[in-house]
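Let's take a walk through this model together, one region at a time. Have your viewer ready, and follow along as each residue comes up.

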Amino acid sequence: MIGLIKKDILVLKSNFKILIPIFVIYIFMAFQGMLDISTLLSFLSVMLMMSTFSYDNLNKWDAYAVTLPNGRKNLVKAKYLATVIVILLTSLVATIVSFIITINKGENINYQYIFITLGATIFATFLFQALMYPIIFKFGLEKARLILFILIFGLIFLGGFLINKIDFSFLAAVIDYFSNFIVLILLGLGLLVLIGSYIVSVNIYLKKEF
Amino acid sequence: MNALEIKNLNKKYEGFELKNVSFTVEEGTVMGLIGENGAGKTTIIKAILNILTNYKGEILIFEADNKKNLNIYEDVGVVLDDMFFPEILYVKDINSIMKDIFTKWDSKLFFQYLEMFKLPLNKQIKTLSKGMRKKLEIITALAHHPKLLILDEPTTGIDPIARSEVIDLFRNFMQDEKCSILLSSHITTDLEHIADYITFIDKGEVVLADSCPLLMDNYGIVKCNEKEFQKIAKDDYLKYKKNKYDYEVLISNKKEFKKKYDIKIIDNITLEELMVLMIKGGK
């Protein structure tokens, strides 16, 4: 299975040249205060993993990979583990950039703020990917893109609707109450959702024909 | 021992059906799978390799069920039509990935083959020509010392010189008596050179299965005029084709035919002619 994770990392490495300009633009925007560094993190890790699916798809890697002795379950597992690795790496970059930005502005580093934002973004990224992967495994990348597009707009619409209807101020109280552990809770929850998504994906993938 | 055994393989798609396909590849032999596009060759190979999951029938590789025992794929080398590593990867990346996938992956052998076929180490797969890419796929299939090679159209798209190099590589592989090959090909001359057995698939069914040398010895094409053709009993030929000036009649036993009929021109057959007559010929 290590070979399979390596494959995704090597694909990203080969793709890195194309990604560098995007990366530089993001960091520049973060420095200018145009967007939060955590948004960079979530965008980047989702984009990176999507690109691995896209390259797999282009050369029908999955059909080839299921003929190797690793088994289908490990193929799915490798994808999820690569995802976690990529998120950890981008988180590291995001944290470092956050620190630099704060120091650059001559402000004191607000650790709590940085880590809570980071935790929340990792949580959101995990959620998004947990939702996305089973759809990709089931319908393929092309259809999955469309489904996700509709889903995300649906969610934004629903979110907007709910914000007007429901008073969310209790959430602030909840976050305040758990403030010391909130990052850990978010990460734990995110991981749980990802594990659930993995189980669904394995079941889809075991039956899939290429 | 059988390297591969397929028993009553059935698979249904919309507009296509694989019907009760059964055949065996004995250890130490090369089986050629022939048939026109869409006949079902790739579907059979996909079932053997677990690329398909929903089919009926039993497939045994080294006498173990292919669905229950994934370890058997340690001993199988695979070349598929158009399915491989993401082309953005570098040639050398294949080695670093595969050495963690196959326990018997032989990096030294892989690099040796690359050198032998003059394949560049530090280039992305996408920069390789079609022929070079095919060679890379074949090398990748060989570098973990497999005992069974399963090859779908391995010589398509490569020039005659590279093709003969590749065929030599397969011959070399077959020096070990425990090694076997199943290969499908449109280029039937390649099969004439290397195959011990031929299985002919048409519209999802096995229509002919025989030893390749025997087939070449016994089968023939009778060339005759209409008058002579009328005299041939229906049981004595398999198919015929009416040309502008003559008839081409496919027979399965040249010796018997010569004894029975006084027709002078009986040509030896090529697999290509056999394929064309079997598919296009009338009865």
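A salt bridge here is a side-chain nitrogen of Lys or Arg within 4 Å of a carboxyl oxygen of Asp or Glu. With that rule, the interface of domain 1 of chain B and domain 2 of chain B has zero salt bridges. Please keep in mind throughout that this is a predicted model.

Let's stay with those two domains for a moment. In the domain assignment of chain B, domain 1 covers 2-212 and domain 2 covers 219-280. Their C-alpha centres are 34 Å apart. Where they meet, domain 1 of chain B brings twelve residues to the contact and domain 2 of chain B brings eight residues. What does this interface consist of, in terms of buried area? About 950 Å² is buried between the two domains, and carbon and sulfur atoms give 75% of that area. On the side of domain 1 of chain B, Thr188(B), Phe200(B) and Leu208(B) supply 45% of the area buried against domain 2 of chain B, more than any other three residues. If you want to colour the elements involved, α6 (188-194), β9 (197-202) and β10 (205-211) of chain B are those that give two or more residues to this side. As for polar contact across the same interface of domain 1 of chain B and domain 2 of chain B, the rule finds one residue pair, with both residues at pLDDT 80 or more.

Now let's turn to the meeting of the two chains. In this interface, 33 residues of chain B are in contact with 31 residues of chain A. The area buried between chain B and chain A is about 2700 Å², with carbon and sulfur atoms giving 62% of it. How many salt bridges does the rule find across the interface of chain B and chain A? It finds two. The side chains of Lys6(A) and Asp100(B) meet in a salt bridge, at 2.7 Å from N to O. The rule also finds 13 residue pairs in polar contact across the interface of chain B and chain A, both residues being at pLDDT 80 or more. On the side of chain B that touches chain A, the elements giving two or more residues are α2 (91-98) and α4 (130-142) of chain B. Of these, α2(B) provides the largest share of that side, four residues.

Asn59(A) sits in the loop between α2 (37-58) and α3 (61-65) of chain A, and at 8% relative accessibility it counts as buried. Leaving aside neighbours within four places in sequence, Asn59(A) is in contact with Asp82(B), Met83(B), Phe84(B), Phe85(B), Pro86(B), Glu87(B) and Arg133(B).

Phe102(B) is in the loop between α2 and α3 (107-116) of chain B, and its 3% relative accessibility makes it buried. Not counting residues up to four places away in sequence, Phe102(B) touches Leu68(A), Pro69(A), Tyr73(B), Glu74(B), Val76(B) and His144(B). Of these, Glu74(B) is 28 residues from Phe102(B) in sequence, with 6.2 Å between their C-alpha atoms.

Finally, here are two backbone details to check. Asn20(B), in strand β2 (residues 16-26) of chain B, has a positive phi of about 45 degrees although it is not a glycine. Asn20(B) is partly exposed, with a relative accessible area of 49%. Glu63(B), another residue other than glycine, has a positive phi near 65 degrees, and is found in the loop between β4 (56-61) and β5 (64-65) of chain B.

Definitions and conventions: Residues are numbered from 1 along each chain as its sequence is written. Chains are lettered from A and ligands numbered from 1 in the order in which they are written. This is a predicted model: local features need pLDDT of at least 70, side-chain atom pairs count only at pLDDT 80 or more; totals for chains, interfaces and linings use all residues. Side-chain values use heavy atoms; hydrogens and water are left out. Domain bounds come from an automatic or database domain assignment. Contact means heavy atoms within 4.5 Å. Buried area is the accessible area (1.4 Å probe) that two parts lose on being put together, summed over both. A polar contact is a pair of N or O atoms within 3.5 Å; within protein, one must be able to donate a hydrogen and the other to accept it, and residues adjacent in sequence count only if both atoms are side-chain atoms. Buried means under 20% relative accessible area, exposed over 50%, partly exposed in between (1.4 Å probe, protein chains only).
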